[in-house]
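Visitor: Hi, I'm new to this one. Could you bring it up and talk me through it?
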Amino acid sequence: MMKVATPQIVIDVLLPELESRNPRMREDVVNFVIFALLTFPSQEFNLSEICACVTPCLLDTKRRVRQAGLECMATIHQVRPTIIFYE
């Protein structure tokens, strides 16, 4: 799907699922974002929006979701180290 549409469009559809009650769904969405960040150029993403949506995962009650959120933030920093996480 990301090759046909832009990766940001696909991620925009998935990010609202981070509010799902199912922790497996939240973890999978974050892992999918990580996959997209590692596969496509960083210019194709709105990294500030992704950071704002993934940040609450760092305080999730489930360890696996917190770990995925931390890995996603590390990936964002690796992709573009100059991004500002706060505004």
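Guide: What follows is a walk through confidence, helix packing and a salt bridge in this model.

Visitor: Is this from experiment or predicted, and what is the mean pLDDT of the chain?

Guide: This is a predicted model, and the mean pLDDT of the chain is 89, with 91% of its residues reaching 70 or more.

Visitor: Which elements have the lowest and the highest mean pLDDT?

Guide: Among the elements of the chain, the lowest mean pLDDT, 91, belongs to helix 1, covering residues 7-14, while the highest, 95, belongs to helix 2, covering residues 23-39.

Visitor: Okay, and how do the axes of helix 1 and helix 2 cross?

Guide: The axes of helix 1 and helix 2 cross at roughly 170 degrees and come within 10 Å, and because of that angle helix 1 runs roughly antiparallel to helix 2.

Visitor: Which residues meet there?

Guide: From helix 1 there are Val 10, Ile 11 and Leu 14, and these meet Val 29, Phe 32, Val 33 and Ala 36 in helix 2. By class, this contact of helix 1 with helix 2 has 7 nonpolar residues, with no polar and no charged ones.

Visitor: Switching over, what about helix 2 and helix 4: parallel or antiparallel?

Guide: Their axes cross at roughly 15 degrees and come within 9 Å, so helix 2 is roughly parallel to helix 4. The crossing of helix 2 and helix 4 is left-handed.

Visitor: Which residues make that one up, and of what classes?

Guide: On the helix 2 side they include Pro 23, Arg 24, Glu 27, Val 30 and Leu 37, and on the helix 4 side they include Arg 64, Ala 68, Glu 71, Thr 75 and Val 79. The contact of helix 2 with helix 4 divides into 11 nonpolar, 3 polar and 5 charged residues.

Visitor: And how do helix 3 and helix 4 pack?

Guide: Helix 3, residues 47-54, packs with helix 4, residues 63-79, at an angle of about 160 degrees, their axes being 10 Å apart, which means that helix 3 is roughly antiparallel to helix 4. The crossing of these two helices is left-handed, and the contact is made by Ile 50, Cys 51 and Val 54 of helix 3 together with Gly 69, Cys 72, Met 73 and Ile 76 of helix 4. In that contact of helix 3 with helix 4, 6 residues are nonpolar, 1 is polar and none is charged.

Visitor: New topic: how many salt bridges are there in the whole structure?

Guide: A search of the whole structure finds 4 salt bridges, and one of the residues that forms a salt bridge is Arg 24, whose partner is Asp 28, with the closest N and O atoms 3.5 Å apart.

Visitor: Where do Arg 24 and Asp 28 lie relative to each other in helix 2?

Guide: Arg 24 and Asp 28 are 4 residues apart in helix 2, so about one helical turn separates them.

Note on methods:
Residues are numbered from 1 along each chain as its sequence is written. This is a predicted model: local features need pLDDT of at least 70, side-chain atom pairs count only at pLDDT 80 or more; totals for chains, interfaces and linings use all residues. Side-chain values use heavy atoms; hydrogens and water are left out. pLDDT is the predictor's confidence in each residue, from 0 to 100. Axes are lines fitted to C-alpha atoms, for helices over the stretch in contact, and angles run from 0 to 180 degrees between N-to-C directions. Angles under 35 degrees count as roughly parallel, over 145 as roughly antiparallel, 65 to 115 as roughly perpendicular and the rest as oblique. A crossing is left-handed if the near helix is turned anticlockwise from the far one by less than a right angle, and right-handed if clockwise. Contact means heavy atoms within 4.5 Å. Ala, Val, Leu, Ile, Met, Phe, Trp, Tyr, Cys and Pro count as nonpolar, Asp, Glu, Lys and Arg as charged, and the others, Gly among them, as polar. A salt bridge is a side-chain nitrogen of Lys or Arg within 4 Å of a carboxyl oxygen of Asp or Glu.
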